[in-house]
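Welcome to this short tour. Please open your viewer, get ready to select residues by number, and follow along stop by stop.

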Amino acid sequence: MIVIAHVSDIHLDGTVRAAERTNLVMRYLDRLDHDFDAVLVTGDIADHGRPEEYEEARKLLTSRHPVLVCPGNHDVREHYRQAFLGQEPAPGPINQVHTTDRAIYAICDSSIPGRHDGHLDEETITWLAGVLAASDRPVFIAFHHPPVTLHIPFIDEIRLHRAEPLAELVAGYPNVAAVLVGHAHAAAATTFAGKPLLVAPGIASGLILPWEGDYVADPGFPPSIAFHLYDDEGRLTTHYRVVPRGLPQGR
Ligand SMILES: [Fe+2]
Ligand SMILES: [Fe+2]
C-alpha cells in the first residue's frame, strides 16, 4: 500500500509560531514507525516569498521520508527556484516529476505570478500530458489551487480557473490515482473529472466555513494534515489528522 502524508500552507513568515507549527508536523512524521512513500507539501511555503523565508523552509522541510514540494500563490518562483532547486532565477512554472517503483508524482505549479488565483498554463499541461502518457503506474497529480469550488466564497474566488484542459487529461488517463491540493486551509474531499480530489488542511491556520462565522481564517486551528492510502486494488482512503504534540499514547 502507498501512504502519502499531505501537508500544506505552512506560510513561513519569520515568526516563531509558523516555524514551530511546521517543525511540529515534520518531526511528528519522522518519529512515526512507518516509512511514508512521500511527504507532499502543496504550496504557500513562504508567506511573502522572501529569500530568507525559503532558507528557513529548506531547513524545516527535511525528513527521513522523501519530501515533495510545490509553490502556491504566496510563493515567488525566482526565490523558490534558487532555494529549493539551486537554479538561477527564472519566471516559468516549476513542474517536477518524482518516480518510485510504485507510483508517479506529478507536482505542478498552479501559481500565477502576482496573483492569488491559479491556473495550469500551456507549458504545464503539455508537460503533464507527457508524464501521464509515459507510464501506466498510478499517478498522483499535485498542485496548490483546488480546480473546483469548495463552497467557501473566499477561496472559490481564487481557485484554479480554466480547469478544462486538466479535466480532459484526468478523465483520459485511468492511471490517475487522485488530485491533491492545498490553498483552502480546510480538510475537504470531493471529486474532479471522476477522480478523488483531496484538499489538505492548512498548517498556519484554518479557513472558516460560511455557517461558522463571517471572518476568513482562524489562526487558532491546530496544525492538521492528511494521510492518503492507496491500496493494491487501486482504492484511495484519506484520513485527516490533527497533529498531536507528542506521539499517540498507549503504544
Ligand atoms: Fe495558504
Ligand atoms: Fe494559497
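One term before we set off: a residue counts as buried when its relative accessible area is under 20%, as exposed when over 50%, and as partly exposed in between, using a 1.4 Å probe and protein chains only. This is a predicted model, in which local features need pLDDT of at least 70 and side-chain atom pairs count only at pLDDT 80 or more, while totals for chains, interfaces and linings use all residues. Residues are numbered from 1 along each chain as its sequence is written, chains are lettered from A and ligands numbered from 1 in the order in which they are written, and side-chain values use heavy atoms, with hydrogens and water left out.

**Stop 1: the iron ions**

Select D44 and H144; each of them is buried. Donors here are N, O and S atoms within 2.8 Å of the metal (3.2 Å for Na, K and Ca); water is not among the atoms, so sites may look incomplete.

Next, show the iron ion (ligand 1). What coordinates the iron ion (ligand 1)? Look for D9 (OD), H11 (NE2), D44 (OD) and H185 (NE2), at 2.0 to 2.2 Å. D44 bridges the iron ion (ligand 1) and the iron ion (ligand 2), and the two ions lie 3.4 Å apart. D9 sits in the loop between β1 (2-7) and α1 (16-31) and D44 in the loop between β2 and α2, 35 residues apart. Both D9 and D44 are buried. Helices (H or I, at least four residues) and strands (E, at least two) are DSSP runs, numbered from the N terminus.

**Stop 2: aromatic pairs**

Rings of Phe, Tyr and Trp (its six-membered ring) pair if their centres lie within 6.5 Å; planes under 30 degrees apart count as stacked, over 60 as edge-to-face and the rest as tilted. By this rule there are 6 aromatic pairs. Select Y54 and Y80, an edge-to-face pair at 5.9 Å centre to centre with 75 degrees between the planes. Y54 belongs to helix α2 (residues 51-60) and Y80 to helix α3 (residues 77-85), 26 residues apart. Both Y54 and Y80 are buried.

Then move to F140 and Y230, also edge-to-face, at 5.6 Å centre to centre and 80 degrees between the planes. Because F140 lies in strand β6 (residues 139-142) and Y230 in strand β12 (residues 224-230), this pair ties together parts 90 residues apart in sequence.
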